[in-house]
Amino acid sequence: MKNEYSSYLSQTAKEIQPSGIRKFFDLAASMEGVISLGVGEPDFITPWNIREATILSLEQGYTSYTANPGLLELRQEICKYLYNRFSVQYNPGNQVIVTVGASQAIDLAFRAIINPGEEVLIVEPAFVAYAPLVALAGGKPVPVSTSPENGFKVTPEQIEAAITEKTKALLICSPNNPTGSMLTKDELIELAKVMEKHDLIVVSDEIYAELGYDETFTSFAAIDGMYERTILINGFSKGFAMTGWRLGYIAAPVEFVEAMLKIFQYTTMCAPHMLQIGAVEALRNTYHEVEEMRKSYQRRRNYMVQTLNEIGLDCHTPGGAFYVFPSIRSTGLSSEQFAEELLMAEKVAVVPGNVFGESGEGYVRCSYATSMQQLQEALKRMQRFVESRKMVLQG
Ligand code: PLP
């Protein structure tokens with residue numbers, strides 16, 4: 001062996017940057033008494049009926065592989081759910097794959113459609129995994145920036161301006177991580193016209209579909225003419241409070257699914273059997289719990305938006321997910337400085353906006369998937385921090 005390990009690593013592995021969110025968590029985890037608004041996961045434990053069904057499945061010995069795309073029973077439930085909730089119709093036999101989290105579903109989608117050098121438009125600020133996954137699939141991520149003036153929503157004109165002859169697809173995430181913005185049906189219709197005109201594929205990450213507060217969620221696949229060109233990504237992590245289960249799914253036209261299934265069967269074989277049985281129960285009997293969680297997030301969102309604005313951190317009202325994305329420009333600090341100094345001075349962990357792309361600079365992401373009591377304490381500390389910055393700025 002040579003001394004330098006890097007000579008053994010692939011160029012791609014060397015070029016991929018570790019997630020900026022993780023870096024911050026590790027720092028916060030090493031300190032005592034930190035309130036974390038950093039985590040992008042529900043503070044609820046998975047509803048009991050789902051856990052119970054899974055325990056029972058283990059007792060009954062369901063420990064084998066399932067069919068590659070997942071249990072037929074689960075795919076049937078997924079199709080019923082997508083139809084009943086969002087009016088999109090898929091065939092459980094050949095249009096659905098149950099994946100290891102939505103994360104894997106996104107990876108499969110890119111790997112199935114991207115040829116070397118092809119471009120994927122990513123609406124920014126964006127979930128940290130998109131750009132690296134496009135790059136790992138051999139493509140080029142092309143950011144399209146949004147701003148609070150537009151409610152962090154991308155416009156058809158912006159998309160049109162970013163399209164080149166190499167553009168293959170648009171990645172859309174609504175409700176959005178990290179900004180929480182949620183596109184209306186009319187806004188999706190306008191974007192659809194551009195997709196049609198330039199013959200682009202849409203990878204629609206709908207993982208926060210259950211967490212919309214002011215408008216009814218519309219799936220991109222439900223927009224006229226978009227079904228044929230949409231790879232729909234969803235999962236159980238957020239709406240059903242099942243992050244640790246690592247269960248997501250893809251629904252798409254047959255040809256896309258066949259291509260993704262070839263990759264999936266060699267890399268993963270299938271999602272864990274007993275957890276898929278839990279997921280069947282989640283889709284059959286958890287409507288009430290999901291709705292209660294949604295209402296609870298909505299109360300917290302309202303509290304966060306109002307209080308952040310009151311303490312001098314301008315914050316637009318996000319329509320969904322469980323994040324707020326306030327501007328920290330009034331403090332004179334960069335996003336990283338703000339997050340670091342807030343953590344050191346007041347032991348509150350937030351995520352610097354620049355980890356979600358350049359257009360996130362000047363903002364921080366605060367997750368409100370934590371108890372109201374914790375949120376109140378966190379915002380008290382943030383207020384103290386902002387006041388202290390005002391004193392510094394006034395000299
Ligand atoms: N997509 C978005 C927008 C996310 O925020 C996340 C997780 O934070 C994921 C996908 C990944 O979800 P999963 O836990 O199902 O892999």
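**View 1. Pairing of β9 with β12 in the predicted model.** Strands β9 and β12 (residues 364-367) pair in the antiparallel sense, over two bridges. The model shown here and in the other views is predicted. Tyrosine 323 has serine 367 of β12 as its bridge partner.

**View 2. The open sheet that contains β9, β12 and β11.** The sheet has three strands in the order β9-β12-β11, and the pairing is antiparallel. β9 (323-324) and β11 (351-352) stand at the edges with a single partner strand each, so one side of each has no neighbour in the sheet. Strands of a sheet pair through backbone hydrogen bonds, in either a parallel or an antiparallel sense.

**View 3. The ligand in the largest pocket.** The ligand sits in the largest pocket of the model. It is surrounded by 14 residues, and the closest are Ala102, Ser103, Asp205, Ser237 and Lys238. Helix α5 (residues 101-113) provides four residues, the largest share of this shell. Sorted by class, the shell consists of seven nonpolar, four polar and three charged residues.

View 4. A backbone N or O atom of alanine 102 lies 2.7 Å from an oxygen atom of the ligand. From asparagine 177, a polar side-chain atom lies 2.7 Å from a ligand oxygen atom. For lysine 238, the distance between a polar side-chain atom and an oxygen atom of the ligand is 2.6 Å. The ligand on its own has 400 Å² of accessible area, of which the protein covers 92%.

Methods:
Residues numbered from 1 in each chain as written. Predicted model: local features only at pLDDT ≥ 70, side-chain atom pairs only at ≥ 80, totals over all residues. Heavy atoms only, no water. Near = heavy atom within 4 Å. Polar contact = N/O pair within 3.5 Å; in protein donor to acceptor, adjacent residues only side chain to side chain. Areas by Shrake-Rupley, 256 points an atom, 1.4 Å probe, with all protein chains shown as cover. 1 Å grid on protein atoms, 1.4 Å probe; cavity = no way out; pocket = protein on both sides within 12 Å on 5 of 7 lines; lining within 4 Å. Sits in = over half its atoms within 2 Å of the grid points. Nonpolar A, V, L, I, M, F, W, Y, C, P; charged D, E, K, R; others polar. Pairing = 2+ DSSP bridges.
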